[in-house]
Amino acid sequence: MTEHALSRNPTTGEILARYPLQNSAELEQTLTESASAFAAWKRSTMTDRIRVLRQLGEQIRLREQDLSRMITLEMGKPIAQARAEVLKCANLCDWYAEHGPAMLADQPTQIADAWQRFRPIGVILAVMPWNFPLWQVLRGAVSMLLAGNTYLLKHAPNVMGSATLMAELFRATDLPAGGFNLINVDNDGVSVAIKDDRIAAVAVTGSVRAGAAIAAQAGAALKKTVLELGGSDPFIVLADADLDEAVKSAVIGRFQNTGQVCMAAKRFIVEAPIAEEFEKRFTAAVQALTMGDPLDENTFLGPMARADLRDELDGQVKATLREGARLVLGGEKVAGQGNYYAPTILADVTSDMTAFRQELFGPVAAIAVARDPQHALEIANDSEFGLSATVWSGNEEIADRLALQLEVGAVFINGNGASDPRVTIGGVKKSGYGRELSHFGVHEFCNVQTVWKNRR
């Protein structure tokens, strides 16, 4: 019996589609197509590549409604947020089309007759998650294709509809057939692909466990990996912060995409003099959020993407409460149809509790109180994760001093965390390694080739 990846509506439980897993012969055919596409695409000119990126941006805008609706139906993202994701991807294509050529131009060295150029390396296998079905894929794929590589996507099983739509978009461009390709396989199939000589490198966005397993296999095959893994990002609010703005940022930073964001604010570390007031204002703002049908334009909180993820989150909340945390708001599954979880605030959380030790991937905020800025820094760094952090303070010198000591890949001072093609993102510690976006992301999967003429 053929196995399938299931696309299931998290709002209703309805099965939207079944996507048969590929057998070994079908996987072999896909790998052959991707390698053949690379043989052609690596010889393309920069003009060819820019044209494809422009075409892709146009296709995304033409299919905006279809793409947004598919994201909402498959993983429950509120439709307004889904639309924002789609348009962000279109803008990404335009930005790289404009700025990419300069990133890949030959670079001089301090030796007159030596320079460095950026050459493609081959087919890049990308194992991607469901929480940003388009953005997570395209923020890597666009830069890899720009560099002359081809892209082979293993998407999360519950968003194969979004993956299929993306493949349609690429087929409407001048990219060679197979230049953007899909595999629909289980973990064993991923292992087969990683070992295959036609795969040059692997990019992973996902859990620590998945990243570690894939990196071990890629390492055994001497293949480069870039990993963007879990996060438990600290959100530090010092006593001199603009509290109104900090609270607004905290709500968006924690509860957008129903809290299912790697770089979301998750641990709220508030300096003691304002801790009570922050909790009061934060609670009121969270209570005002609209939860409901994600296809409704007014909905801010939708269902969680899968029932098992909601169960896991509920277990983490209950464990944290048993460990001594105080429940301020929520703390339970919403009764009835759909994978809804009540927006939750936990207070009096300490660094030894589950909500601080583990990543909370859902609409749950954990608040801890710090004695002073130095204590806040110590709490923030007491984590195995290191993706990003936010600091709110009226004294930017103090905020910058904290930023220098935070063990994370990105720090946002007095503003929301974000990903943008103009700046790089990536983590340290168990949040992964390597970088995406900006010129750093483009160069990750390039052969930086030195050319030295007349060397005697």
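Helix axes here are lines fitted to C-alpha atoms over the stretch in contact, and the angle between two of them runs from 0 to 180 degrees between N-to-C directions. Keep that in mind as we walk through this structure, which is a predicted model.

Let's start with a pair of helices. Two packed helices are described by the angle between their axes and the distance between the axes. For helix α3 (residues 64-75) and helix α6 (residues 160-171), the angle is about 160° and the axes lie 9 Å apart. Angles over 145 degrees count as roughly antiparallel, and α3 and α6 are therefore roughly antiparallel to each other. Their crossing is left-handed. If you look at the side of α3 that takes part, you will find D66, L67, M70, I71 and E74, which meet M160, G161, S162, L165 and L169 of α6. Sorted by class, this contact is made up of 6 nonpolar, 2 polar and 2 charged residues.

The largest nonpolar core has 99 residues, and the members that touch the most others are I60, Y96, L138, Y151, L153 and F180. The biggest contribution to this core comes from helix α4 (residues 79-103), which supplies 10 residues.

Next, have a look at W130, in the loop between β5 (123-127) and α5 (135-146). Is W130 buried or exposed? Its relative accessibility is 9%, so W130 counts as buried. Leaving out residues up to four places away in sequence, W130 touches M75, A156, N158, V159, Q260, A305, R306, L309 and F361. F170, by comparison, is 40 residues from W130 along the chain, and the C-alpha atoms of the two are separated by 20 Å.

Finally, two backbone details deserve a visit. Most residues other than glycine have a negative phi. T258, however, is not a glycine and has a positive phi near 55°. T258 sits in the loop between α9 (243-255) and β11 (265-271), and because its relative accessibility is 2%, T258 counts as buried. S438 is another non-glycine residue with a positive phi, about 55°, but S438 is found in helix α15 (residues 438-444). With 5% relative accessibility, S438 counts as buried too.

Definitions and conventions: Residues are numbered from 1 along each chain as its sequence is written. This is a predicted model: local features need pLDDT of at least 70, side-chain atom pairs count only at pLDDT 80 or more; totals for chains, interfaces and linings use all residues. Side-chain values use heavy atoms; hydrogens and water are left out. A nonpolar core is a set of buried Ala, Val, Leu, Ile, Met, Phe, Trp, Tyr and Cys residues joined through side-chain atoms within 4.5 Å. Buried means under 20% relative accessible area, exposed over 50%, partly exposed in between (1.4 Å probe, protein chains only). Helices (H or I, at least four residues) and strands (E, at least two) are DSSP runs, numbered from the N terminus. Angles under 35 degrees count as roughly parallel, over 145 as roughly antiparallel, 65 to 115 as roughly perpendicular and the rest as oblique. A crossing is left-handed if the near helix is turned anticlockwise from the far one by less than a right angle, and right-handed if clockwise. Contact means heavy atoms within 4.5 Å. Ala, Val, Leu, Ile, Met, Phe, Trp, Tyr, Cys and Pro count as nonpolar, Asp, Glu, Lys and Arg as charged, and the others, Gly among them, as polar.
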